[in-house]
Amino acid sequence: MNIAVREKPLKLLWLEALKRRLFEEDPDFSYYHEQFRRFDAGFAGEKKVDREWLELVCPYTFLVLHNLILMNSAQHSHQLDTLFICSNFMLVVEIKNINGRLDFDDITHQCIRTKPDGTVEGFPNAITQTQRHMQFLKVIFQNYSLPIEGAVIIANPSAIIASHPKTIPIFHVSGLQKHLHSLFRKYTQAILSDEQLTQIAQQFPCRHQSSKIPAPIDSSRYRQGVLCPKCRYKSQMHYARGIWRCSYCQFASEEIFAEALQDYRYLVGSTITNKQLREFFDIHSSDAANRLLRKFQFPYTGSYKNRVYQLLENLVDYMKPFFRSS
Ligand SMILES: [Zn+2]
């Protein structure tokens, strides 16, 4: 058994940073908030389904991969929410965390959601998406005769699955175990050896394309600096003697800098200079900015005056041990 851990998608981290900082007057404020809400709900739904794999009693060695982004020959991406592979078959799973009544139209290939208040809206059709992924996997695995199955899982228990074609099974998360057991009974012949399964497990992460941060938006559209969480990120905190203090509510923190620098990494870029640090975080002294940058031992290039510091991934976790209180 080999179950990968699902990580928060980069786009969601980017939206989280933007949500904290974008000015309410911005013409795209509601658009980005709605984007955040959808991505956040999607991620929560995927995590809910992930728990099911941990409880799975499977008669074969298996592998579960999450959030795989693969490119096809036309350089179009396939984002697979979850891929289950065992010696006898594979199952590609598309996860949706939406509520209301869901109608999947086989002719128009549209998914129509009707909210409890009667509002009707269109969604990408998860059944068509799954079929597209299955076709692509057929090409990747053409050298093996491994059967490829697909399923759409609805993670929101209050969603009503109404009309849908019978081409791809669609069910609530609670039905996953039963569905898998029906596939175990359907495919009793082992096609892949354990060795081949291990090979596949090693190959997939190499084919995976990291998701990209959206194009940067102009810094005049969002609040810069270290923002005060107690003031719902509306007021700026100022740096003095190693501590950030809110000018409005007087909340003081040293560690809050890590979150703010991570926002910088997502919204501005993954490198920073002394000058950029002073401008973004409103630090007046070049020496203070220098001490702050050296404290965290970020890798850097360039000589003393022109140093460019690399802001690493998982910045908040990386910076934690460097704070006095930790
Ligand atoms: Zn405050």
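Because the model is predicted, local features require pLDDT of at least 70 and side-chain atom pairs count only at pLDDT 80 or more, whereas totals for chains, interfaces and linings use all residues. Residues are numbered from 1 along each chain as its sequence is written, and side-chain values use heavy atoms, with hydrogens and water left out.

Secondary structure elements are DSSP runs numbered from the N terminus, with helices (H or I) of at least four residues and strands (E) of at least two. Six strands form an open sheet of mixed pairing, in the order S1-S2-S3-S4-S8-S10; two strands are taken to pair if DSSP finds at least two bridges between them. Strand S1 (2–3) and strand S10 (170–172) stand at the edges with a single partner strand each, so one side of each has no neighbour in the sheet. Strand S2 (residues 62–71) and strand S3 (residues 77–86) run antiparallel and are joined by nine bridges. Leu63 has Ile85 of S3 as its bridge partner.

Helix H5 (residues 194–207) packs on this sheet and touches S2 and S3, its direction making about 30 degrees with that of S2. Helix H4 (residues 176–186) lies across S3, strand S4 (90–96), strand S8 (148–154) and S10, and runs at about 170 degrees to S8. Such angles, from 0 to 180 degrees, are taken between the N-to-C directions of axes, which are lines fitted to C-alpha atoms, for helices over the stretch in contact; contact means heavy atoms within 4.5 Å.

The zinc ion has as its protein donors the SG atoms of Cys228, Cys231, Cys246 and Cys249, at 2.3 to 2.4 Å. Donors are N, O and S atoms within 2.8 Å of the metal (3.2 Å for Na, K and Ca), and sites may look incomplete because water is not among the atoms. The four donor atoms subtend angles of 105 to 114 degrees around the zinc ion, so the arrangement is tetrahedral, a term that requires all angles of four donors to lie between 85 and 135 degrees. Along the chain the donors follow the spacing C-x2-C-x14-C-x2-C. Cys231 lies in the loop between strand S11 (226–227) and strand S12 (236–240), and Cys249 in the loop between strand S13 (243–246) and strand S14 (252–253), so this pair ties together parts 18 residues apart in sequence. Cys231 is buried, with a relative accessible area of 15%, whereas Cys249 is partly exposed at 34%; buried means under 20%, exposed over 50% and partly exposed in between (1.4 Å probe, protein chains only).

Rings of Phe, Tyr and Trp (its six-membered ring) pair if their centres lie within 6.5 Å, and planes under 30 degrees apart count as stacked, over 60 as edge-to-face and the rest as tilted. By this rule there are 24 aromatic pairs. The ring centres of Phe296 and Phe323 are 5.4 Å apart and their planes stand at 65 degrees, so the pair is edge-to-face. Phe296 lies in the loop between helix H8 (286–295) and strand S16 (300–301), and Phe323 in the segment after helix H9 (315–319), 27 residues apart. Both Phe296 and Phe323 are buried. Tyr318 and Phe322 form a tilted pair, with 5.4 Å centre to centre and 45 degrees between the planes. Tyr318 is partly exposed at 23% relative accessibility, and Phe322 is partly exposed with a relative accessible area of 23%.

Technical notes. Tetrahedral: all angles 85-135°; square planar, octahedral: opposite > 155°, others 65-115°.
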